[in-house]
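Work through the exercises below with the structure open. Try each task before reading its solution.

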Amino acid sequence: MLAEWTDGFLALLGYREILFLSFGIAVGIFVGILPGIGATTAMILLTPVTFALSPVEALALAAGIMGATPMGGAVTAILLNTPGQTANAVTCLDGYPLAQQGKAGLAIGAAASSNALGGLIGAFSILAVMPLANNMVMLFGPPELFLLAMLGLLLVATTSRKGRMFRAIIAGLVGLAIASIGYSDLTGTERYTFGIEYLWDGVHLAAALIGLFAVAEMVQLTVKGGSVANADAPAAITGTLDGLLASFRKWKTLLRGSLIGTFAGVVPGVGGVVASFLSYSFTVQASKEPETFGKGNVEGIIATEAAITAKDGSMLIPTVAFGIPGTAEMAVFMGILILHGMQPGPLMLANNREEIYSLVWALTASCIIASVVGLLLANPMAKLTRVDVQILAPIIIAISLVGSYSIDQEINNIINTIVFGIIGYVMIALNYPRLPLVIAIVLGKIAERNFHQTMMISDRDLSIFLDRSGSLTLLGLLLLCILIPRLKTWKRAAAERVKAKAQGAGA
Amino acid sequence: MKFERRTFLAGLIAGTAGCSLNSGEGPYPSRDIDFIIPTGAGGGADMYARLIGNAMELALPESVNVIPRNVESGGGGKGIVQLHNAPPDGYSIGILNVPGLFVLQKRRKLPYNFSQFTWLASFTTGEHYGLAVGRDSPIRNFDDLREISRRREITFATTGPEGMAYTTTQIASQILGLPYRLVSGYRGSSDYVVAAMRGDTDAVVAAHSTLERMEEGGAVRLIAAFSDKPSSGGVPNALDLGFPELANLRGDRVVAAPPGLADDKREYLANALSQAWAYKPFLAWAESMGESIAPRMPDETAAMVEQQRKFIERWDV
């Protein structure tokens, strides 16, 4: 075992392997920063390059891209409220307020350390969780995925900032309505497409996200004037070390996020946004200061980033162990494996152990190196938050629109981005939270599909939700999420009554 | 032997034709060729198409590239419509699934006429299908499944109605005489095969190579192969089951151009596409998918498409 670990590591130490790993990391950070383009696109574009490479070199290149993308996405989410990747939308929640307060260094430091540590946990979970992966895949069918989506939708409301719950629910309902647009492959009918081909598959989420966050933020800044960082925020970019250490200090948050991410990666159908949002929501629920989230709480970044990178590692498990790619990114990765003569499944586990260990090492190295590069970029890039918006906004909007188009070279993506830019700006102006809208678009589709499938499986018998251990557990969790905030409120009210009584008696 | 001769001839034609075609607007081709792939990025169909695009470039002038473009929307319908409506100038081609092409039009009434496409080439024998159950399913073999079907409907996991898997499952059930109910809406082959593995449904019909890979992964148990060739592991094939017609049920991938493409450009593109027949990465990929090379030039491709259409139209789908 130890010899295989060592062999896997040594196989990566050739100059060509190091070269392709570094190239992958550079590409990963670059595409991570660019809104719209992600690891999937980068790997597709580079697949022909791998033809001439050895299996380990090809894996090093792919792992470099996959491991580095989340860090690139986090940097722009924090500095410009522009999530480089869809999953980074949650990073914006606390990252951007920190940047506005002039604490971009703290936020990027925390993102870097949680990225590296989450990535480490995710990469090594490939080996640790592999024996359990089969059970996890078996446990999560349509009834469980439906309840998981319901849990997420419930958390949209319960984790919203004080005084904004009603607005969060409204935004969530609008998101659910948007989620219903498109061709339903359950019923074979089109809904709200108005004969527009572009809407056949519903609203393109990545393009909408660019509008909702990047474009809307730049419009808002232009209207307000100044720069991203408030004028009274300290000019020097400091606190990076504090941010780095924060992940160690908040180790429970880091561990929780990593475990949620690991779980989300193993179960096909649970994407990165859901993983990061669930991790964020549970962290808010567990916190003694839930009201500080959304205003620049570093724990929000740690929870999110750890979940994203842990998921990126663990989603290799169903791909490598069973030949089941859970995402488009994994489908491309599986293609690379097959092209290089590795057949995913137990045979690969038996015949290509050295390559698998090399992959784990390469992913780990990629996460760590990308985090270091992210830290090095922090200072120069944080200066962007001081640039006058009259200069910054046109550049960011242009990059956003180009990024939106380049997702799948679709001109209608630009219209989509502009429409959601307007929606996002209106939401900012009216003080409506935008994340519930995004989460509801994602979860609405998951909930609808899986509810229909559950009903088809059970022949319309609702008792299926009570017959399965996974769905029963999730029902219990749903109930707890409804009751805990109530219990907290009652407890607080009771304590205040006792206090008031004591004061009355004292007077 | 036949394959080598074809490859040689195709290479010869491509070499002599070069880039000297001239229709009054400069030599053809003089710019990049748009290659529409009506599936999402990643996955078997996408990789298949991209490798063909790479092979094709070997026969094109250095300045001309083949640019793959995934147009996934509407179960692939959008990509097919875009190809149908593109100008027939030789700069737009696409890879189409046959008989998926007919199914989509039938179910969604999309604005294209499949008989008008300009067929260019096809490459492999086409994917045969198979029938599998979850690894832990109480159904041990096809006889068990048939026994259950005497008491109740058999449930199958599959895509939505626009997907080829949906129609394939319907036709396979009808050929096998099984009463069936479809649990639909799964997004891709790995998704609906995992559904059967989990026990969401009794069984699943999917590409044989996918089922074999997942059987090796311990996810499912293959209980029937729909090919007429001998199958491994004692799994009954179409002939053993007594339903030879199952072997006609297959998915072919065909490269086409918009309706009305001039003959000289059609020949030029077909010859460039024939590079794939000897392109090593493509051959390796096809082998891993359990397909062997079966080169077809335009007329043979058109005949195969027509044969598939006739087969599909016989069934209640």
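**Exercise 1: two helices of chain A**

Helix 8 of chain A and helix 21 of chain A cross in a left-handed way. A crossing is left-handed if the near helix is turned anticlockwise from the far one by less than a right angle, and right-handed if clockwise. Helices (H or I, at least four residues) and strands (E, at least two) are DSSP runs, numbered from the N terminus. The model is predicted: local features need pLDDT of at least 70, side-chain atom pairs count only at pLDDT 80 or more, and totals for chains, interfaces and linings use all residues. Residues are numbered from 1 along each chain as its sequence is written, chains are lettered from A and ligands numbered from 1 in the order in which they are written, and side-chain values use heavy atoms, with hydrogens and water left out.

Task: find how helix 8 of chain A and helix 21 of chain A are oriented to each other, and which residues meet.

Solution.
1. Helix 8 covers residues 142-158 of chain A and helix 21 covers residues 435-458 of chain A; their axes come within 8 Å and cross at roughly 150 degrees. Axes are lines fitted to C-alpha atoms, for helices over the stretch in contact, and angles run from 0 to 180 degrees between N-to-C directions.
2. Angles under 35 degrees count as roughly parallel, over 145 as roughly antiparallel, 65 to 115 as roughly perpendicular and the rest as oblique. Helix 8 of chain A and helix 21 of chain A are therefore roughly antiparallel.
3. Contact means heavy atoms within 4.5 Å. Among the residues that meet are A:Phe146, A:Ala149 and A:Leu153 of helix 8 of chain A, and A:Leu443, A:Ala447 and A:Phe451 of helix 21 of chain A.
4. By class, this contact of helix 8 with helix 21 of chain A has 16 nonpolar, four polar and no charged residues. Ala, Val, Leu, Ile, Met, Phe, Trp, Tyr, Cys and Pro count as nonpolar, Asp, Glu, Lys and Arg as charged, and the others, Gly among them, as polar.

**Exercise 2: another pair in chain A**

Task: describe the crossing of helix 6 of chain A and helix 12 of chain A.

Solution.
1. The axes of helix 6 (residues 104-128) and helix 12 (residues 251-266) of chain A come within 10 Å, crossing at roughly 45 degrees.
2. The two helices, helix 6 and helix 12 of chain A, are therefore oblique to each other.
3. Their crossing, helix 6 of chain A with helix 12 of chain A, is right-handed.
4. On helix 6 of chain A the contact includes A:Ser114, A:Leu117 and A:Ile121, and on helix 12 of chain A it includes A:Leu254, A:Ser258 and A:Thr262.
5. The residues of the contact of helix 6 with helix 12 of chain A divide into four nonpolar, five polar and no charged.

**Exercise 3: a helix of chain B**

Task: is helix 6 of chain B mostly covered or uncovered?

Solution.
1. Helix 6 of chain B (residues 164-176) has 13 residues and reaches 18 Å from its first C-alpha to its last, close to the 18 Å expected at 1.5 Å a residue. The expected span is 1.5 Å times one less than the number of residues.
2. Buried means under 20% relative accessible area, exposed over 50%, partly exposed in between (1.4 Å probe, protein chains only).
3. Helix 6 of chain B is mostly covered, with 12 of its 13 residues buried; B:Ala165 and B:Tyr166 are among them.
4. B:Gly177, with a positive phi near 70 degrees, follows helix 6 of chain B.
5. B:Thr159 is in the loop between strand 8 (154-157) and helix 6 of chain B. B:Thr159 is buried, at a relative accessible area of 10%. Beyond its neighbours within four places in sequence, B:Thr159 has contacts including B:Ala165, B:Tyr166 and B:Tyr192.

**Exercise 4: backbone exceptions**

Task: which peptide bond from B:Tyr28 is cis, and what is phi of A:Phe194 and of A:Arg460?

Solution.
1. Most residues other than glycine have a negative phi, and most peptide bonds are trans.
2. The bond from B:Tyr28 to B:Pro29 is cis, with omega near -5 degrees. B:Pro29 lies in the loop between strand 2 (27-28) and strand 3 (33-37) of chain B.
3. The bond from B:Val98 to B:Pro99 is cis too, with omega near 20 degrees.
4. A:Phe194, not a glycine, has a positive phi of about 50 degrees. A:Phe194 is exposed, with a relative accessible area of 69%.
5. A:Arg460 has a positive phi near 65 degrees. A:Arg460 is in the loop between helix 21 and helix 22 (464-467) of chain A, and A:Arg460 is exposed at 68% relative accessible area.
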